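Please look through the structure shown here before reading on. The report below takes a few of its parts in turn and describes how they are arranged.

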Amino acid sequence: MRVVFLAPSYPPEMIEYSRGLAEVGAQVYGVGDTPREALPARVKPYLYDYLQVPRIMDEEDVMDRVTAWLKTRGIATVDRVLSNWEPLVILAARLRERWGMPGMSVDTVHGFRDKQLMKERVAAAGLRVPRSKRVRTEKETRAAAEEIGYPLVMKPIAGAGSADTHKVDDANALDDVLAQMRGVTEASCEEYVTGEEFTFDTVCIDGKPAYENVAQYLPKPLEMRTLEWVSPVIITVRDMQQPKLAKGIALGRKVLSALGMGDGFTHMEWFLTPKGEAVFGEIGCRPGGAHIVDQMNYTGDIDLFREWARVACHRRFEASTVRKYNAGIVFKRALGRGRITRIEGLGDFLREAGEWCVEEKLLRPGTPRRNWKHTLLSDGHVMVRHPEWDEAFRLSFLAATNIRMYAE
Ligand SMILES: Nc1ncnc2c1ncn2[C@@H]1O[C@H](COP(=O)(O)OP(=O)(O)OP(=O)(O)O)[C@@H](O)[C@H]1O
Ligand SMILES: [Mg+2]
């Protein structure tokens, strides 16, 4: 089986998907803008061949180059074109269409990429989405705001990482946000939904989940991304049968049908309102970032990198779906700017958590801080897991409050 896999080593977790593909017997034809010499040594054994392109985001150029490259290699057809990175899912679909291959169409993938279109399609299936409007000018935005009412949320149509996503409390605040969003050509203006926020993650075969996961954001991502002092916590939920989650899971499954999901990962976000209503947030036809796949793997002691590849290539899912743990990840942010100088409270935390701490990847003293606005990874993380939710929660928040990092 020949697989064209876009961006096989960036972001870094893509190396794991390359591994998965190789492990299920695929010949991986990697395409990326990383120079061949700069490919991480780890990924090399998994790549059957590699094409470096000058600009991976230049869809026309990449399509021409990949087509020509395969021709010089004497390859008439490949079996799959895959990407697990949000900015490249459309390109993968365009290549499939150009070569007349199976897999999700460009139009279907647009439904997972365009935040307004996805809400329209989900709403058309009778599902609850935030009221929203696509806006292109300040005038349109003000009109939409009047109609939708405050508080509301403004965000770019094709956003990721909560970049440029703003909660707007009143008309004065809207003026400020409009000024900050001058560079954005198209935005979604939507009703602000209060409540708790969760993920619904799947690995699907033909739109039917072979694997499902729910994780809770603590606090909700918008707050994680706006308050630097917060140590964001995300915990996978071991008990997916609990009544609290039933509406969200039912919503998630229906969203997959409404959008015409095919094979592969999905990552959805949804709200549970104080009244117990499940409201759609957004969805991508790719895995979540920020180590959520590692969290799912720790939840069930499985390897979803490989299982995704098995599904993508052979349409079979063979891992166990038994959930053994609630897995919590805690991202830390150092106090101060510059380089990490010291970490406090880590020893005590590790002694307290014992075997339940499964990963500790905090940046070490001397390392420059990461930009917490740009990446949820922030200054590193610890991962804990426990069969009981309350204990996973307690250990996660122990790390959140008692581990302190400093920089200068
Ligand atoms: N209508 C809404 N009501 C309440 N909160 C919202 C709404 N839309 C977005 N948010 C908040 O903003 C966050 C970011 O929005 P969204 O997920 O749409 O953007 P994103 O840029 O794709 O973010 P990410 O890549 O972090 O998922 C959400 O996770 C949620 O916390
Ligand atoms: Mg989101």
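This is a predicted model: local features need pLDDT of at least 70, side-chain atom pairs count only at pLDDT 80 or more; totals for chains, interfaces and linings use all residues.

Because Glu269 belongs to strand β12 (residues 264-272) and Glu282 to strand β13 (residues 278-284), the pair ties together parts that are 13 residues apart in sequence. Both Glu269 and Glu282 are buried.

Strands β5, β8, β6 and β7 form an open sheet, in the order β5-β8-β6-β7, and their pairing is antiparallel. At the edges stand β5 (132-135) and β7 (166-168), each of which pairs on one side only, and from one strand to the next the twist averages 25°. Between β5 and strand β8 (residues 187-191) there are four bridges, and Val135 stands opposite Ala187 in β8. Helix α5 (residues 115-124) packs on this sheet, where it touches β5, β6 (152-156) and β8, and its direction makes about 145° with that of β5. Helix α7 (residues 171-180), in turn, lies across β6 and β7 and runs at about 155° to β7.

**Salt bridges**

Side chains of opposite charge can pair when their charged atoms come close.

| Pair | N to O distance |
|---|---|
| Glu191 and Arg128 | 3.1 Å |
| Glu212 and Arg253 | 2.7 Å |
| Arg351 and Asp348 | 2.9 Å |

The pair of Glu191, in strand β8, and Arg128, in the loop between α5 and β5, links distant parts of the chain that are 63 residues apart. Glu191 counts as buried because its relative accessibility is 14%, where the limit for buried is under 20%, whereas Arg128, at 28%, counts as partly exposed.

Glu212 in strand β10 (residues 208-218) and Arg253 in helix α9 (residues 243-259) also link distant parts of the chain, 41 residues apart. Here Glu212 is buried, with a relative accessible area of 16%, while Arg253 is partly exposed at 42%.

Arg351 and Asp348, by contrast, both lie in helix α12 (residues 346-353), three residues apart, which is about one turn of the helix, and both residues, Arg351 and Asp348, are exposed. Elsewhere, a network of salt bridges links Glu16, Arg19, Glu23, Arg42, Asp303 and Arg306.

Terms used:
Residues are numbered from 1 along each chain as its sequence is written. Chains are lettered from A and ligands numbered from 1 in the order in which they are written. Side-chain values use heavy atoms; hydrogens and water are left out. Helices (H or I, at least four residues) and strands (E, at least two) are DSSP runs, numbered from the N terminus. Buried means under 20% relative accessible area, exposed over 50%, partly exposed in between (1.4 Å probe, protein chains only). Two strands pair if DSSP finds at least two bridges between them. Axes are lines fitted to C-alpha atoms, for helices over the stretch in contact, and angles run from 0 to 180 degrees between N-to-C directions. Contact means heavy atoms within 4.5 Å. A salt bridge is a side-chain nitrogen of Lys or Arg within 4 Å of a carboxyl oxygen of Asp or Glu.
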